[in-house]
Amino acid sequence: MAGRVPIGDYGMIGDTRSAALVAPDGSIDWWCVPRFDDPPLFGRMVGGDEAGWFTVGPGEEAAVTRRAYRPDTVTLATTWTVDGGELELADGLVAEVEGRFLPATVLVRRLTARGRAVRARLHLAPRFGYDRRPARRITRRAGALVCERGDLAIAVISDGPTVDADRTVDFDVQPGEPVTIVLTAAERRPLILVPPAVGAAELARDETGWRAWAADIDVTSRRDAVVRSLLTLQLLTFSPSGAPVAAPTTSLPELIGGARNWDYRYAWPRDASLGIAAFMAAGKPREARAFLAWLLHASRLSRPRLPVLFTLDGRPGPPEEELAGWPGYADSRPVRIGNGAAQQHQLDGYGWVVDAAWLLTDAGHRLYGETWRVVAAFADHVAATWTEPDAGIWEQRGKPTHHVHSKLMAWLALDRALRIAAARGDRRRRRQQRWIIARDAVAADVRARGFDPAQDAYTATYGSAELDAAVLVPVLEFEPANSARVVGTVDAIRRGLSAGGPLLYRYQPGTDGLAGAEGAFLPCSFWLVQALARTGGRAEAEALLDELLTLGGPLSLYGEEIDPATGAHVGNYPQALTHAALVQAALSLELATTRPGPEVTLPR
Amino acid sequence: VDWGGWAVFGLVATTGLTAVMMAAQLAGRTRLDLPLMLGTMTTEDPDRARVAGFGIHLAIGQVFALFYAAAFAALDRSGWWLGAIFGLAHAAIALTVLVPLLQGVHPRMATERAGPDSTAVLEPPGLFALNYGTATPLVAVAAHVAYGAVLGVFLASS
């Protein structure tokens, strides 16, 4: 049944090509195979039981006593207590298969009993395609159950029970004799059957790799939350192309029963830019550079225009469609695939990207000549188009308007391009002169039309009194952090957009033209932490962050939003933007005041 | 075999093929950048890679031109249309065999199986190199047909 488990109770396992969501009862209720953007093999989280699932768990009365990732890895361990013993399920997908005789998709589920033999239960219900069909052909080959339909085939091998499709199997797990079930998948390729012992060994090898990756993360306080967020960001990076996936799910509702259900299995340049900032701050420049490389590659066909989103291969986002007959998570319909925001004009995107390039430059990583040409072309484009209205960061689907956040990000794009030019010793003075003129014009325009003296705050759009929490990010760069305008804006947003406790709405509820409400937007709360830290409210920022870190549940995973009324996670899950904002917030408290960049003044 | 024609017009045809591909890439029709793709086997810097890749591509083009020259000699005929037909077959082989095989030897091209340790700077080309843009197969065909036609016109058949 769709919506049977709270969104925030799911754990995520992944191999950087796909990700599965595992419920506390051991059921994989969402897994698109073999890539994030493929149809789900197990999709009952939003598709109902007809969309399939894969449960491995206790077959007798049991209670979950512990769910945690193995330290600094992405292997999820769930422990159930039974009368006189316990049963542990370790779940993981093998990430590193290149150069080895392994299929691209290897799911390992390993049951271990302690204290006494424990009755376990397995149910495998694979479905194929968005029409949720069962396998067309089911066979047994070399001890494996093979299910095929179209160009996708899966094989399941177990060293315990004999697995069948769509049949519940009960079996005993003896202490000291773990049972391993391995599911491999192949699309348009021969299946490779992986014996359970090999699968378990590969998962252990992968864990060693993840621990080594996490070992050099440069952070001291709140390390667990930061490392988990960075591991989550890494799992949501599609390794074959480097594309950062916004979330592994589609249509988890922004409020239960609502219609704000979108497909996030695509890559947004904004997320890549935030990822660059997060990885740079955590001492992971290789990952940061990889995001910039992806951005440059993906945007090649549209330059100097920067599309809102891309597929994992860097193609334009597909048109949006609704899946007929899909019940949606807790009856939240429609369930959508594709994303209509792909066609929008969002001016802010350029600011995120150019700022990310500046972060790399500022940290001493010289941009390649080609990279700089692209970044400069983005700045040229901003200088030429900043006066046009846009859809804004929140991708509102009404008429384009003049968003203050977008204008501030346009200012940021021009300012950062000038800083990079200065750092590189770029001598094209006429071009820089154009940027300076445009930057100063944006600044004058925003100060004149985007500031509400009555609230002492920058607003959401020109001429309105509404507020926008996204303004928290660029306003800190636009004005001195201790200026009255910044302090006033931070205060106004805290008061005007508060959703109670540490939570903020991204904008005033009910102003986006869609029916119904939505939850509090988590990245905004982390941006508030950064804003407070920069405006002198360090103690407040520390307290706010600590409160936010309690909202991530036992696995420290965050979705897009939280329902202020219930505290439940809503929206696609887990969300890269939220985790990147968490890392930046935590590290902003660790770092001293940010070093200002060079002031750029050229003779007119 | 027309050795003199091969030496001169192999270079001319390969330069023409590269020019067509680069023009299409700069016009935003495809992300397939052959000099970049080949040159990143030697360096990660895109600008340096293009220079190295252009040299590598000229050498590869010269090797392929030898096959064209041998084929014209074997058939005892040549001409732009015959060269264009060879070019069509050449493009088909390039898209379905050569580019996919490149993943196996290219140190900086990812495969569909890449994991988090991957340090690749080029994504997998995918079927018919469509990951580099939907017009990529058409551009590749046009460039190779031009290559074959040039060789067909200028290489003597005997």
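How do the residues of the lining of the second largest pocket divide into nonpolar, polar and charged? The lining holds 22 nonpolar, seven polar and 13 charged residues. The model is predicted, and local features need pLDDT of at least 70, side-chain atom pairs pLDDT 80 or more, while totals for chains, interfaces and linings use all residues. Residues are numbered from 1 along each chain, and chains are lettered from A.

**View 1. The second largest pocket has a volume of about 1100 Å³.** A pocket is an open set of points on a 1 Å grid where a 1.4 Å probe fits, with protein on both sides within 12 Å along at least five of seven lines; lining residues have an atom within 4 Å of a point. Of its 42 lining residues, R35(A), E187(A), R188(A), D313(A) and E112(B) lie nearest the centre. The largest share, four residues, comes from α4(B).

**View 2. Helices α7 (residues 369-385) and α8 (residues 404-424) of chain A cross at roughly 145°, their axes coming within 9 Å.** The crossing is left-handed. Contact (heavy atoms within 4.5 Å) involves residues including W372(A) and V375(A) of α7(A) and L414(A) and I420(A) of α8(A). By class, this contact has 11 nonpolar, one polar and one charged residues.

**View 3. Helices α8(A) and α9 (residues 429-449) of chain A cross at roughly 150°, with axes within 9 Å.** The two helices are therefore roughly antiparallel (angles over 145 degrees). Their crossing is left-handed. Among the contacting residues are W411(A) and L418(A) of α8(A), and W435(A) and V442(A) of α9(A). This contact has 13 nonpolar, one polar and three charged residues.

Technical notes:
Heavy atoms only, no water. Axes fitted to C-alpha atoms, helices over the stretch in contact; angles between N-to-C directions. Left-handed = near helix turned anticlockwise from the far one by under 90°. Nonpolar A, V, L, I, M, F, W, Y, C, P; charged D, E, K, R; others polar. Points joined across faces, edges and corners; volume = space filled by probe spheres on them. Parallel < 35°, antiparallel > 145°, perpendicular 65-115°, else oblique.
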